[in-house]
Amino acid sequence: QLQLVESGGGLVQPGGSLRLSCVASGFTLDYYTVAWFRQAPGKEREGVSCISTTYVTNSSPYYEDSVKGRFTISRDSAKITVYLQMNNLKPEDTAVYYCAARMEPNFVCSASFFGLWGQGTQVTVSS
């Protein structure tokens, strides 16, 4: 069974950092486009960042405008984990963060593009 499991969320003060992990179970992520989405109460799920497959070298990760320069998406060498490093966190970053994956190198960073989802991890930024 293919599964994605997120971890690393928590409560952090404004200006702090968190690193979220998305771990694949039952498969490896090297042939998958992987994304991080977030959903705040009362709001639609939005794409935070997307990264194409390991073997696409001419594609840059996508970042939503509000997180550019603060968040970084990356893959591990073991091909089973994708990270989201979040720095200089702001209260408006508070949301449940989900990872998603699809075996397709040419991505659209939209929720409708992805079919495999994790269960989410809560991130709360508050003083």
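Trainee: How much space lies in the largest pocket?
Mentor: About 180 Å³. A pocket here is an open set of points on a 1 Å grid over the protein atoms alone, where a 1.4 Å probe fits, with protein on both sides within 12 Å along at least five of seven lines. The volume is the space filled by probe spheres set on the points, which are joined across faces, edges and corners. Bear in mind that this is a predicted model: local features need pLDDT of at least 70 and side-chain atom pairs pLDDT 80 or more, while totals for chains, interfaces and linings use all residues. Residues are numbered from 1 along each chain as its sequence is written, and side-chain values use heavy atoms, leaving out hydrogens and water.

Trainee: Which residues line the largest pocket?
Mentor: Among them are Arg38, Glu46, Arg70 and Asp93; a lining residue has an atom within 4 Å of a point. By class, the lining has seven charged, three polar and two nonpolar residues. Asp, Glu, Lys and Arg count as charged, Ala, Val, Leu, Ile, Met, Phe, Trp, Tyr, Cys and Pro as nonpolar, and the others, Gly among them, as polar.

Trainee: OK, Arg38. What does Arg38 form with Asp93?
Mentor: A salt bridge, with the closest N and O atoms 2.9 Å apart. That term means a side-chain nitrogen of Lys or Arg within 4 Å of a carboxyl oxygen of Asp or Glu. Arg38 sits in strand β4 and Asp93 in the loop between β8 and β9 (95–102), so the pair ties together parts 55 residues apart in sequence. Strands are DSSP runs (E, at least two residues), numbered from the N terminus. Salt bridges with shared partners join Arg38, Glu46, Glu64, Arg70 and Asp93 into one network.

Trainee: Is Asp93 buried or exposed?
Mentor: Buried, with a relative accessible area of 1%. Buried means under 20%, exposed over 50%, and partly exposed in between, using a 1.4 Å probe and protein chains only. Arg38 is buried as well, at 5%.

Trainee: What does the side chain of Glu6 reach, then?
Mentor: The backbone nitrogen of Gly120, at 2.9 Å. A polar atom of the Glu6 side chain also lies 2.8 Å from the backbone nitrogen of Cys99.

Note on methods:
A polar contact is a pair of N or O atoms within 3.5 Å; within protein, one must be able to donate a hydrogen and the other to accept it, and residues adjacent in sequence count only if both atoms are side-chain atoms. Helices (H or I, at least four residues) and strands (E, at least two) are DSSP runs, numbered from the N terminus.
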